[in-house]
Each structure stands twice: as structure tokens, then as C-alpha cells.
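The following exercises concern the secondary structure elements of one model and their packing. Each task is followed by a solution in steps.

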Amino acid sequence: MPRTKIALWGGPGLRFFISHSHVDKVTAAALKEELESLGAHAFVAHEDIKPTSHWQDEMLDALGSMHVLVALLTKDFRKSKWTDQEVGYAISSSVPVIPIRMDVSPYGFMSDVQALRGNDSAGKWAKALVEYAFESDDLASPCFRTILNATKNCLNYKAADVLLRDVLPMYRHWTPRRARRFVRAYNESQQVYDSVRYRGQGFLTALNDQTNGQFSVSKDYKLKWSQP
């Protein structure tokens, strides 16, 4: 991805474009925060477009480089001049569209898509969205980068718990190279291996179930991987 688009999104990894009415900017910002806590990136126009930028160019750059579009379907969604165009752009580009049914049910080309429940929390939406992306063979590389982001940027035990318990078991596209890269990132993140030290090694079962290798934890709680 060109350097300008990496700067737009904040780095490599899964990229979610959150299509929403400006009335729902608080909800969109909450979802963005939750997605980023899982190592993904999210674009919310009112936060990510600088006042001095040519906003249409920024929007087109984000739309042209997104992996998934998320539509916050509130009563104000269709009142926006842009949301339906954003959805149309995604569909014409064969980008998955995931609606969140809040006040409005999916309509048009979105009506065949299983919507997320609007009364769930932003945290549940984020996990469901990441899980959806992790099931796609086409997104195996950015999904793995999302795991690395979550590992390297882990700030506390809560974030480590989410990574180890919720994110890792979803990923099924392991290769020896990815295993080695994950081990290196894990062993450089004290928050992650300290979480294992004090909270247990339960994540290893799920991790080993998803790989052809064998992960283990050493006496100093560092991670090891042995290729069979």
C-alpha cells in the first residue's frame, strides 16, 4: 500500500471504513476505538479527515483502500448525501459490506447480508467484524498484521486477555514465517507475556489447534514454536 494510504489508516492491518450519518459520530468513534484495540484500523470521516485536507480526495483514498465497509443503519443514515454512495462504491468494488441494524433494517443490496444487532455493544461489533474478516482467505495477510499490531501495541492485561482469548483463536492462516514473526512480537511485549505469567497459558490450546506447529511457553513465560 502506498505510503500516503498507510498514513491515512495509521499503518498496515485490517481496514474498516465506517459509513455513518454525522449525527451518529459518537457511535462511529466508539466502534473505531474498539476495532483499534483489536489491532485493526478504522476510518471515521469526522475524525480522520483534517480540516485543511481536500476531503473528497481523502474519502476516495479511504474507500479505495478499505477491506470492509461497516454501515451504521440508524434513522439518519439515509438522510446523509454520502452514505448510500459509500455503500454503492463498496459493492461495485466487491468490498464486503456489513450493516449494523440500529433503527433501520438493511435495504437494497445490503438486504441479503446478515446484519449485526444494533443493541449490542461496540466491543461486540468489533469482535464480530474482526472474526468475519479472519474467515476470509483473501484477507489472511492484513489479518495477521492485525494480530501483530495487537501484540506489539498491547498496553495492559485487559488488552492482552482480548488478544490471547478472543483474537488469536480466530486466525486460521498460519505459516511457519507467520508463526516465527508472532513469537518474536510476543516475546518483545512484556504486557503479553506477563499476562500469561499471572493469568495462565490457556490460550496455547486454541493456538496449537489452529497451526501445524507446536507452540509452548518456557519457564520465563516466553513463547516458543517448533516446526514439525
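Buried means under 20% relative accessible area, exposed over 50%, and partly exposed in between (1.4 Å probe, protein chains only). Helices (H or I, at least four residues) and strands (E, at least two) are DSSP runs, numbered from the N terminus. The model is predicted: local features need pLDDT of at least 70, side-chain atom pairs count only at pLDDT 80 or more, and totals for chains, interfaces and linings use all residues. Residues are numbered from 1 along each chain as its sequence is written, and side-chain values use heavy atoms, with hydrogens and water left out.

**Exercise 1.** Determine how strand 6 and strand 7 are joined, and which face of each strand is covered.

Step 1. Two strands pair if DSSP finds at least two bridges between them. Strand 6 (residues 214-217) and strand 7 run antiparallel and are joined by four bridges; Gln214 stands opposite Ser226 in strand 7.

Step 2. The two strands form a hairpin with five residues between them, and in the turn Tyr221 has a positive phi of about 70°.

Step 3. In strand 7 (residues 223-226), Leu223 and Trp225 make up the covered face, Lys224 and Ser226 the uncovered one.

**Exercise 2.** Identify the buried residues of helix 10 and the elements against which they pack.

Step 1. In helix 10 (residues 190-199), the buried residues are Val192, Tyr193, Asp194, Ser195 and Val196.

Step 2. With contact taken as heavy atoms within 4.5 Å, these residues pack against helix 7 (140-152), helix 8 (157-167), helix 9 (176-187), helix 11 (203-209) and strand 6.

Step 3. After helix 10 comes Gly200, with a positive phi near 100°.
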